[in-house]
Structures are given as C-alpha cells and as structure tokens.
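Please open the model in your viewer and keep the selection panel at hand. Each stop on this tour says what to select next and then what is there.

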Amino acid sequence: MEWFQTWSADFCDTFARCFIKDNRYILLLDGIGVTIRVSLVAVLIGIAIGLLIALCNLSSNKLLKLIGGIYTDVIRGTPSVTQLMIIYFVIFASVNLSKWIIAAIAFGINSGAYVSEIIRAGILSVDKGQTEAGRSLGLSASQTMTRIVIPQAVKNIFPALCNEFIVLIKETAIVGYVGLMDIQKAGDFIKSATFEAFMPLIGTAIIYYVLIKILTLVLNRVESRLRASEVR
Amino acid sequence: MIKVKNLHKQFGDLKVLNGINEHIEAGEVVVVIGPSGSGKSTFLRCLNLLEDVTEGEIYVDDEMINAPSVDVNLIRQKMGMVFQHFNLFPHLSIMDNITLAPVLLKKMTKEEAVKKGQELLTTVGLLDKADAYPAQLSGGQKQRVAIARALAMNPEIMLFDEPTSALDPEMVGEVLDVMKDLAKSGMTMVIVTHEMGFAREVASRVLFMDQGQILESGTPDEVFNHPKNERTKNFLSKVL
C-alpha cells in the first residue's frame, strides 16, 4: 500500500499546486464566467441571425436568396478561428467594446449560418396544408409564418438547436486566440505556470463536461415541457 | 356571386384546367363530381387563389380577384375553405384554432370571437372540446372544427375540397350532416366530393368535370338520372 500513499500524496500536492496555490482556481472560475457569457450571448445572436438568413433562403426574392446563400457559404467555408480573428482584429479593431462581447458577436455570426439551416429545415418540415389553411383564412404570408408555421417548427427543431448550442460552447474554447481568459485559456495558463500538463488539462475537460451535462439536463427538461403541450 | 371566364391552369406542361366557364349564384350549393385528376380540386383551389391562375378571369361579387392589384387576403376573408386533411393548427386549442384569424385580422375582439366560437362549436356539436387539442379529436370531429373555423370569419362562400375523403366511413355522416345544415341555412357552397348520395340530396346543381373541363351541369336529377354526355354516363355507371 505504500505506493498508494506516495501516489495520493503526490496527487494532492500537484492538485494544490495547480488549483489552490496563488488562488489559481479563481482563474478557472472567471474562465467559466467568460465561457458562459460568450456562449449565451452568441446563441441568442445566432438564433436571430439564423432566423433572418433562413427566411432569406426560403424567400422567393432572388436578391435575399443570394444574400442568404453567400452568408451560409462563406461562414461554412472558413474556420471559426479565422472568422473570430478577422472580426476581432480587423472589423472591430477600432471599436471600443468589451473583448467578450466582440467574441460573442463573432460566434453568433458563425452559429447563425448553421442555425439558419436548422431553422430552414424546421420550417420546411411543417406541412404545406398548414400554410394553406392559414392563408385561406385571410392571414397574410408573414402572419401565417409567425403564428402558425414557426411555432410548430420550433418544436421540431428544438433538439437540433440544443445540439448547436452545445457545439457552440465547445467552439468558444478558441477565444484564447484574441486574448480572452476562458476555461481553456485558464487551464492552459496553469499548465504553463506549473509545468504540469495532466492536472490542468483534465481539469479543463471535466469543467466543460460538467457544464454541458448540466445544460443537457436543463434542455431535456424544457423539451419534455414543449412536448407535453402537444398531446398525441 | 362567382363568375369564372375561360379559366386555364397549367402545372409546367401539364394542362389541368382547359377553359372553365361557370356562374355560381348566391345561395347555390354546387357539387363538383368527376374522376380523379379531372381538375376538380384545382378548380376549387383557383377560386380561393391557392393556385395561380394561368389564364382567364375569376370574379367574386363583380370584382376580378386574380387581378394583380387585388388584396388576396381580403378576398380570402370572404371565402371559407375546408380541406381534405382538415389542416387544423396542432399547436393551438380548438377554441384558439377558431378565434385566431378573426382576432388577428381585427374582425372581432377576443371576447366576441370566443362567443362566436362557442356558438359555432355548439352548431357542430363540439362545445365540450373547446379546450382540447386537435390531436385528441377523431377525424370527423377535426373536420367539423375545421368547418367551424372557416365559418368564424363570416364568409359569404364556403369551399369544400373533398371534405370526407380522408375520413373513416363511419365518420362521414357527421360531417355531411353539418354541411347539410349549412346548406339549409342558405350559405353559398362549392363542394368537391365523391359522395354521390350527398350530391343528389343536397346539391342545387351538379357539375361533372373531366380533363379540365365542365362537361355537364344541371340539377341532381338531370345529371344523375338523365346524363346527356357519354363521359358522364360512363363515369356514373362506375360509381353509382
């Protein structure tokens, strides 16, 4: 059992050095705050942009269609790190905004392209008869869309949107590129400061995992609520 | 009330309507019969502008409704439409299905619409289902709600597109009964159906369509008992 005692003493020592000494856990806690803030704001921006682009893509107006098509094409065709850096260092270079807000905008713009495809599929999944019924009652196209089609589409696309949200949270691990101290960057910082790789990186992974687990449980709850109103 | 002049409808190369001329008076109950693919449903859908008209003119109350300058939404408020597959809004309760359009289009306040909704649900015998959701209803009940929903807009004309075709046989009667009552109340109705018994009993006029044309038009007695056109005779010999 001696090996175990040495090992556990070693483990505790490393743990203390990585997370307790110099209050390094504060870095991680702040990092969690940054990750959550960036993700939350980005997901909202993403849904707003996604809805807009989806409507452009579905519209019969050729110009809107073109705009929507180019947007999705460009965003999907370039890495998100590159987009983040372009938005931070080029587009917002001379704008005085908090770093995390700029990052959130960048991720929102990125996410919007993917969300738009989800929403487009959701809208197309609603039976054409629903639109016809709405229009036959005298509702305008936009009234039919907002009152009849979109509420039904939301239920259909909810799982896919949750998935996109989770992907987005993990994607934000690249904000270190523009100097934001999120969970990943904090873990990386501890790694450099302590010359320990295992503890800070596994710690980072566990924090992401727990965050996403909690989120998944909450979203599952919301989804079963949504389904409850639709008795089949 | 409805005048149709030389109506043509084409889907790509497929000609579905080949020059329809028809005049429907207020209070008439016109039943359109004919084989599948004869253009009956397309004709009905053109009347409600759910299909773009390729050529020809449709007048409702002497207003040409397929003119580009016309507000389609206002025209449609005059016409209720009942679909084969009901198309109730599954995310809304029965009462909300009925009150949505009148309230949204500011024809009624919420209270007025609910009161009207209760009256209509009473007429179709479904007042106890006001708070239910469409998924909890049988097919026949859904179709009766769909009729109530269309009537909530106080339309001048009701269009029925094969309203009983998607129903279990035992539920057809309850829907036809509602339609009979509606016909007796003097509503102008255009009905596409395969229910020949219903056509015979309720129609003030029967139209026989085939290959995008109206081949025969007359009272149920004329069309069913003394058809003049060979195609009509042939069709009726198969379905009666």
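Two residues are in contact here when heavy atoms of theirs lie within 4.5 Å of each other. Keep in mind throughout that this is a predicted model.

**Stop one: where the chains meet.** Select chain A and chain B together and look at the contact between them, which takes 24 residues from chain B and 22 residues from chain A. Between them the two chains bury about 2,000 Å², and 61% of this area is on carbon and sulfur atoms. Now pick out Phe89(B), His91(B) and Leu104(B), which supply 27% of the area that chain B buries against chain A, more than any other three residues.

**Stop two: a salt bridge across the interface.** Which residue of chain A forms a salt bridge with Arg45(B)? Select Glu132(A), and you will find that the closest N and O atoms of this pair are 2.5 Å apart. Across the interface of the two chains, one salt bridge is found by the rule, along with six residue pairs in polar contact. By class, the side of chain B that touches chain A has 15 nonpolar, six polar and three charged residues.

**Stop three: a covered strand.** Move to strand S7 of chain B, residues 157–161, where five of the five residues are buried. In a regular strand the side chains alternate between the two faces of the sheet. Show the side chains, and you can see Ile157(B), Leu159(B) and Asp161(B) pointing one way, while Met158(B) and Phe160(B) point the other way.

**Stop four: salt bridges within chain B.** Select Glu22(B) and Arg205(B), whose side chains meet in a salt bridge at 2.8 Å, N to O. Glu22(B) lies in strand S2 and Arg205(B) in strand S9 of chain B, so this pair ties together parts that are 183 residues apart in sequence. Are the two partners buried or exposed? Glu22(B) is buried, with a relative accessible area of 9%, and Arg205(B) is buried as well, at 14%.

Finish with Asp210(B) and Arg231(B), which meet in a salt bridge at 2.5 Å, N to O. Asp210(B) is buried, with a relative accessible area of 9%, whereas Arg231(B) is partly exposed, at 29%.

Notes
Residues are numbered from 1 along each chain as its sequence is written. Chains are lettered from A and ligands numbered from 1 in the order in which they are written. This is a predicted model: local features need pLDDT of at least 70, side-chain atom pairs count only at pLDDT 80 or more; totals for chains, interfaces and linings use all residues. Side-chain values use heavy atoms; hydrogens and water are left out. Buried area is the accessible area (1.4 Å probe) that two parts lose on being put together, summed over both. A salt bridge is a side-chain nitrogen of Lys or Arg within 4 Å of a carboxyl oxygen of Asp or Glu. A polar contact is a pair of N or O atoms within 3.5 Å; within protein, one must be able to donate a hydrogen and the other to accept it, and residues adjacent in sequence count only if both atoms are side-chain atoms. Ala, Val, Leu, Ile, Met, Phe, Trp, Tyr, Cys and Pro count as nonpolar, Asp, Glu, Lys and Arg as charged, and the others, Gly among them, as polar. Buried means under 20% relative accessible area, exposed over 50%, partly exposed in between (1.4 Å probe, protein chains only). Helices (H or I, at least four residues) and strands (E, at least two) are DSSP runs, numbered from the N terminus.
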